[in-house]
Amino acid sequence: AVDFNWTHDLQSVWSDPPFQVDELHEALIDRIINDFFTHTKRMTDNPIGQVILGEAGAGKTHLIGTLRRRVWRANGWFVLLDIIGITDFWATAALGFLNSLHQSMPSGRAQYEAILSSVLRSIPLDTAARKAIAEWEKKPGKTRLDTIDLFLNLLRRVDAANATKHQDVVRALLLLGSNDWDANNLAYCWLQGLDVDESKRKALKFLRAPPPYPELVRGMLWVMSLAGPTLIAVDQIDAIVSASNLLAGIEEAPNDDAERKARAIIDLLAGGLMDLHDLKRRAMTVVSCLQVTWPVIKKRAVQSAAHRFEELPVLESIKSSAIIESLIRARLDAAYKEGRFQPPYPSFPFRPEAIESAIGLLPRQILMRCQEHRQRCLVAHEVLECTSLAEVGGKEPMPAPPATLDHEFRQQIDRADISKLFE
């Protein structure tokens with residue numbers, strides 16, 4: 001069956017879609033990628049963040065997934081922050097980094113493994129380094145801890161101050177690949193800020209318990225920066241922001257505890273994004289949200305957002321019939337190939353005039369109308385040709401309601417899971 005599914009959950013960012021349309025928002029993607037690699041060449045670079053704005057269904061999450069592929073393809077690193085259920089920004093950020101480092105890259109290796117290998121390859125092998133490696137090779141009964149000590153010894157030759165400061169972070173990252181389950185699990189917990197077994201931690205030669213969450217993030221970013229720049233993506237924040245904003249009320253002073261907690265969640269996210277910008281190095285933050293969400297963040301971040309983030313042009317509806325045809329054909333081709341069906345024309349049953357009629361629609365609207373036509377065919381028990389996507393089922397589509405704050409927030413809160421906001 002043809003798959004016209006139009007939804008993308010946050011984790012879909014990590015998957016390469018079978019229906020990829022590279023031309024969708026291509027100019028904006030090229031701009032972000034160019035800015036990212038241009039302004040992250042040096043270890044001390046801290047480029048301004050980018051804000052991707054667009055209506056629901058404009059393709060924001062799809063765009064983030066495309067950025068991930070482009071960054072990886074150009075030997076950069078990618079982190080996705082999932083802020084659903086946020087109660088502590090930095091704890092959420094640390095977990096987002098850790099989960100992102102475990103994602104498999106096209107080579108089949110976890111991202112953290114690729115980073116550590118790249119760091120190792122970048123270390124200059126001078127006489128002292130070769131001597132250290134030779135001594136390690138001669139050591140009988142070498143353990144993973146010996147290998148970690150060698151890695152840290154070599155790393156100090158690149159940046160002694162930071163290698164010393166973040167040596168426990170480096171140790172934890174190297175232990176993530178250990179065959180010793182206990183060591184692997186302790187390292188994973190340590191990078192989340194959890195000190196689960198002090199005696200085991202000391203046996204693995206950690207110097208201290210986990211530092212505060214911002215320092216965990218700083219340490220992971222430093223290791224990543226040795227191997228290349230990092231793009232940090234924050235997507236699908238609209239539901240929690242709009243839900244909290246509605247509950248927060250409009251008065252200057254909150255009226256009750258619920259309003260205070262709702263405002264605290266918005267402040268937590270807004271302040272966290274600004275603080276993350278100040279902490280990161282050789283990394284760029286990209287935030288994707290509805291047009292009505294970012295003003296709420298900016299308002300709670302006082303005046304600092306303007307100096308830390310740049311709002312990009314709003315994602316537009318599709319203006320090209322060629323892109324619309326690619327969007328539809330990508331779905332049809334997969335099904336036709338699987339069913340060994342040779343269509344009478346490539347976009348069958350969507351006639352060229354139907355594709356032309358979809359100019360000005362958002363990607364999600366197009367796919368929804370294609371699905372509506374598919375349902376008509378199923379009811380009729382035959383494949384009907386579609387001559388218009390503007391009038392599916394013979395009815396003129398309802399005009400989209402104006403994107404007012406109230407409308408968008410009401411729409412988002414209907415979809416929001418706010419059960420954990422006040423726990």
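The largest nonpolar core of this predicted model holds 102 residues, of which Leu67, Leu273 and Trp294 touch the most other members. A nonpolar core is a set of buried Ala, Val, Leu, Ile, Met, Phe, Trp, Tyr and Cys residues joined through side-chain atoms within 4.5 Å, and buried means under 20% relative accessible area, with exposed being over 50% and partly exposed in between (1.4 Å probe, protein chains only). This is a predicted model, in which local features need pLDDT of at least 70 and side-chain atom pairs count only at pLDDT 80 or more, while totals for chains, interfaces and linings use all residues. Residues are numbered from 1 along each chain as its sequence is written, and side-chain values use heavy atoms, with hydrogens and water left out.

**Nonpolar cores**
- Helix H11 supplies the largest share of this core, 9 residues; helices (H or I, at least four residues) and strands (E, at least two) are DSSP runs numbered from the N terminus.
- Leaving aside residues up to four places away in sequence, Leu273 touches Phe89, Val234, Val287, Trp294, Ile297 and Phe309, where a contact means heavy atoms within 4.5 Å.
- Another core, of 24 residues, lies apart from the largest one, and its members include Val2, Ile323, Leu332 and Leu367.

**Strand E3 and its partners**
- Because 5 of the 5 residues of strand E3 (residues 230-234) are buried, this strand is largely enclosed by the rest of the structure.
- Both faces of E3 are covered, with Thr230, Ile232 and Val234 buried on one side and Leu231 and Ala233 buried on the other.
- Strand E2 (residues 77-81) runs parallel to E3 and is joined to it by 5 bridges, and Val79 has Ile232 of E3 as its bridge partner; two strands pair if DSSP finds at least two bridges between them.
- E3 also pairs in the parallel sense with strand E4 (residues 283-289) over 5 bridges, and Leu231 has Met284 of E4 as its bridge partner.

**Helix H4**
- The buried residues of H4 include Tyr112, Ile115, Leu116 and Val119, and what covers the buried residues of this helix includes H2, E2, H3, H6, H8 and H11.

**Confidence**
- The mean pLDDT of the protein is 87, and 87% of its residues reach 70 or more, pLDDT being the predictor's confidence in each residue, from 0 to 100.
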